[in-house]
Amino acid sequence: PLVESGGGLVQAGGSLRLSCAASGLTFSNYAMGWFRQAPGKEREFVAGVRRSGDGAKYADSVQGRFTISRDNAKNTVFLQMNSLKPEDTANYYCAARSGLTIVTKAYDYWGQGTQVTVSS
């Protein structure tokens, strides 16, 4: 399973660091993605990182503010979120698949999510 942590309530302009710990799979064999879903909206891609950690993709809305990274020795992927905005408020999920893609439905394994709320 994948287990997210690190969500919470933060003021606009603040920062949060999300973590996703993986177990039951060979972590280094999987690209990892972060997604988010706000109430009434579809789940959307936020950021993804290749298996080795040497390449990443970002949604335009978070480019320059969010950074994805991974520690294969600890089976964990991170999402550092800076300069948070109220529109970043959502439930954030991590997911795994064999290769990096921005296509949400292509991911095979999902966590339960962690809530991020940004107040104005």
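These legends accompany a set of close-up views of a predicted model.

**View 1**
Let's start with Arg-36, whose side chain forms a salt bridge with that of Glu-44 at 2.7 Å, N to O. A salt bridge also connects the side chains of Arg-36 and Asp-88, here at 2.9 Å, N to O. This second pair brings together distant parts of the chain, 52 residues apart: Arg-36 belongs to strand S4 (residues 31-37), while Asp-88 sits in the loop between S8 and S9. How exposed are the partners? Glu-44 has a relative accessible area of 36% and is therefore partly exposed. Arg-36, with a relative accessible area of 6%, falls under the 20% limit and so counts as buried. Asp-88 is buried as well, like Arg-36.

**View 1. Asp-88 also meets Arg-65.**
Turn now to the other arginine at Asp-88: the side chains of Arg-65 and Asp-88 form a salt bridge of 2.8 Å, N to O. These two residues are 23 residues apart and again link distant parts of the chain, with Arg-65 in the loop between strand S6 (56-58) and S7, and Asp-88 in the loop between S8 and S9. Both Arg-65 and Asp-88 are buried. Through shared partners, the salt bridges join Arg-36, Glu-44, Arg-65 and Asp-88 into one network. The count of salt bridges in the model is three. As a reminder for this view, side chains of opposite charge can pair when their charged atoms come close.

**View 2. Phe-35 and Phe-45 pair across two strands.**
The model holds six aromatic pairs. One of them is formed by Phe-35 and Phe-45, with 5.7 Å centre to centre and 75° between the planes, an edge-to-face arrangement. The partners come from distant parts of the chain, 10 residues apart, since Phe-35 is in strand S4 and Phe-45 is in strand S5 (residues 44-49). Phe-35 has a relative accessible area of 0% and is therefore buried. Phe-45 is buried too, because its relative accessible area is 10%.

**View 3. Tyr-107 and Trp-110 bring a further edge-to-face pair.**
The rings of Tyr-107 and Trp-110 lie 6.3 Å apart, centre to centre, with 65° between the planes, and so this aromatic pair is edge-to-face. Trp-110 counts as partly exposed because its relative accessibility is 25%. Ring pairs link Phe-35, Phe-45, Tyr-93, Tyr-107 and Trp-110 into a cluster.

**View 4. Two arginines sit over aromatic rings.**
Arg-43 places its charged end over the ring of Tyr-93, 3.7 Å from the ring centre. Tyr-93 is also one of the residues in the ring cluster of the previous view. In another place, Arg-70 lies over the face of Phe-27, with 4.3 Å to the ring centre.

For a look at the backbone, which phi value does Asn-75 have? Phi of Asn-75 is near 55°, positive in a residue other than glycine. Asn-75 belongs to the loop between strand S7 (66-71) and strand S8 (76-81). With 26% relative accessibility, Asn-75 counts as partly exposed. Ser-83 is not a glycine either, yet its phi is positive at about 50°. Ser-83 lies in the loop between S8 and strand S9 (90-97). The relative accessible area of Ser-83 is 42%, and Ser-83 is therefore partly exposed.

Technical notes
Residues are numbered from 1 along each chain as its sequence is written. This is a predicted model: local features need pLDDT of at least 70, side-chain atom pairs count only at pLDDT 80 or more; totals for chains, interfaces and linings use all residues. Side-chain values use heavy atoms; hydrogens and water are left out. Helices (H or I, at least four residues) and strands (E, at least two) are DSSP runs, numbered from the N terminus. Buried means under 20% relative accessible area, exposed over 50%, partly exposed in between (1.4 Å probe, protein chains only). A salt bridge is a side-chain nitrogen of Lys or Arg within 4 Å of a carboxyl oxygen of Asp or Glu. Rings of Phe, Tyr and Trp (its six-membered ring) pair if their centres lie within 6.5 Å; planes under 30 degrees apart count as stacked, over 60 as edge-to-face and the rest as tilted. A charge sits over a ring if NZ of Lys or CZ of Arg is within 6 Å of the ring centre and within 35 degrees of the ring normal.
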